[in-house]
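Hi,

Here is the structure I promised to pass on.

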2 protein chains.
Amino acid sequence: MKKTKDNLRSHCPVNYGLEAFGDRWALLILRDIVFRGKHSYGEFLRSEEGFSTNILASRLDHLVETGILRREEHETDGRKESYWLTEKGLDLIPVLFEMILWSAKYDSQSEAKRIMRLVELIRDDNRSISQKVMEQVKRGEAIVAEYLS
Amino acid sequence: MKKTKDNLRSHCPVNYGLEAFGDRWALLILRDIVFRGKHSYGEFLRSEEGFSTNILASRLDHLVETGILRREEHETDGRKESYWLTEKGLDLIPVLFEMILWSAKYDSQSEAKRIMRLVELIRDDNRSISQKVMEQVKRGEAIVAEYLS
DNA sequence: ATTTTCACTTGCAAAATGCAAGTGAAAAGC
DNA sequence: GCTTTTCACTTGCATTTTGCAAGTGAAAAT
C-alpha cells in the first residue's frame, strides 16, 4: 500500500503504535526488560518463546530506530552491548500492563495468576503503579520477583 | 519454535495478547468498529491503511476464532455478514485507549490531535471512559464524531 | 432477466520469518 | 601469549506470510 513520506501507512494513533511495536516480538523484549531485568542480546535470546537470532537482531534495530530502546556499550565487557528503555519506551509500560490485565481475565491458564498482587494494583490504578515501575526499571531493577506470590 | 498443546508459544500474559491481536491489522479492525461504527467486510476494506482482501478475510476469521469478534447475518441484506465485538473484544478498548495516549504523546503529526477531549479523558481516567464507550459500542454507536473538536 | 453489489477465494510474486551454520572481536583459561 | 570460549551478531537458504489482481457465486437492485 501507499505510505506517507515518513513511511507510515497513516497517522492514526492506533496505526502509529502498530507500526512501532505491533508485531509478535517487540513487546516480549519490553517484558523481558521490565519484568526480568534483561538488557543484552544473549539474555533476550534465552526467552521461552524462542527468538531466532536474525529476527531478534532486526527487532532490536527497529526499536532503537523508533526511539523505544537505547543501545549502550557494556561498562566492563567490550563484547556486550546493552539495551535500555528510553522515556518513549518506559511510557509503553501502561500499555503493557493493560494488556496483562486483559490476558489475565481471558486466559484461564495465564501465568498472570502468579502475580495477582500486581494485576490487582493495575486494575485499581494503572497510572500510579506504572509510574512506580517506570522508576524501578530506569534504575535497572527487575520487578517480577517482588510480586510473585 | 515448539508450542504448548493449545498452540501458544507460552501462557505469559503478554504473549497471550500478542497471539490474539498482535499483528499489523487486528487493532485497526477494532478501531474501525469502535470509532467509526463499521461492521461489515466492505466497510473495513475501505480503511485508509488499505487491507488486501484475503488478509482482511483471514484476520476476521482469526478474531472470530479467538472470541474477540462475533459474526452475524445482516438483518435485511442476505449477502452481508456483520461483525460485532464480544465482551472479550470490548475489554480491549482500554488497551486501545492506552495505545492512543502513547501515540498522541510521541507522534507529532498524530491525528489524535483532532480528538484531544477524548485523549484527556483517557489520561484522566481510562477505566471510566472505557466503560462508557463500551456501552456505546455495544449499542452499535460510532464514537469519533462526538469528540471531534 | 440482466446488471451490480457484496463477501469472499484463488493464484502467483514478493517480503518476512525461521533455522543452521558461520564470523570476527573481546574475554577467560592455561 | 596462545588457545579456547563467549558474545553479538551475519549469511544463506527453505518455509511461511503478505500483498496484488483477477476471479466466483449468491443475493439485491434495476
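**What I found**

In chain A, residues 24 or more positions apart make up 50% of the contacts with a separation of 6 or more, where contact means heavy atoms within 4.5 Å. Before you read on: this is a predicted model, in which local features need pLDDT of at least 70, side-chain atom pairs count only at pLDDT 80 or more, and totals for chains, interfaces and linings use all residues. Residues are numbered from 1 along each chain as its sequence is written, chains are lettered from A and ligands numbered from 1 in the order in which they are written, and side-chain values use heavy atoms, with hydrogens and water left out.

**Chain A overall**

You'll find eight helices and two strands in chain A, and along the sequence they run α-α-α-α-β-β-α-α-α-α. Helices here are DSSP runs of H or I with at least four residues, strands are runs of E with at least two, and both are numbered from the N terminus.

Along the principal axes, the C-alpha atoms of chain A fill a box of roughly 45 × 45 × 25 Å.

Of the 149 residues in chain A, 52% are buried. Buried means under 20% relative accessible area, exposed means over 50%, and partly exposed is in between (1.4 Å probe, protein chains only). The accessible surface of chain A is about 7000 Å², with 49% of that belonging to carbon and sulfur atoms; the areas come from the Shrake-Rupley method with a 1.4 Å probe, and for residues only the protein chains shown count as cover.

**Two covered helices**

Helix H1 of chain A (residues 13-21) has nine of its nine residues buried, so it is largely enclosed by the rest of the structure. Among the buried residues are A:Tyr16, A:Glu19 and A:Phe21. What covers them? The cover includes helix H2 (26-36), helix H4 (53-65) and helix H5 (87-90) of chain A, together with H2 and helix H6 (93-106) of chain B.

H2 of chain B is mostly covered too, with 10 of its 11 residues buried. Those include B:Leu27, B:Arg31, B:Asp32 and B:Phe35. Just after this helix, B:Gly37 takes a positive phi of about 60 degrees.

**Charges and salt bridges**

Chain A carries 24 positive and 25 negative charges, and their mean positions are 4 Å apart. Lys and Arg count as positive, Asp and Glu as negative, and His and the chain ends are not counted. Each charge is placed at NZ of Lys, CZ of Arg, CG of Asp or CD of Glu.

Over all chains there are 28 salt bridges, a salt bridge being a side-chain nitrogen of Lys or Arg within 4 Å of a carboxyl oxygen of Asp or Glu.

- A:Arg31 pairs with A:Asp32, with the closest N and O atoms 3.1 Å apart. Both A:Arg31 and A:Asp32 are buried.
- B:Glu49 pairs with B:Arg31 at 2.9 Å, N to O. B:Glu49 is in the loop between helices H3 (41-45) and H4 (53-65) of chain B and B:Arg31 is in helix H2, so the pair ties together parts 18 residues apart in sequence. B:Glu49 is buried at 0% relative accessible area, and B:Arg31 is buried at 2%.
- B:Arg71 pairs with B:Asp61 at 3.0 Å, N to O. This one links strand S1 (residues 69-73) to helix H4 of chain B, with the two residues 10 apart. B:Arg71 is partly exposed at 32%, as is B:Asp61 at 36%.

In chain A, salt bridges that share partners join A:Arg31, A:Asp32, A:Arg36, A:Lys38 and A:Glu49 into one network.

B:Ile93 sits in helix H6 and is buried, with 0% relative accessible area. Leaving aside neighbours within four places in sequence, B:Ile93 is in contact with B:Val34, B:Ser130, B:Val133, B:Met134 and B:Val137.

B:Leu148 is in the segment after helix H8 (144-147) and is partly exposed at 36%.

Cheers
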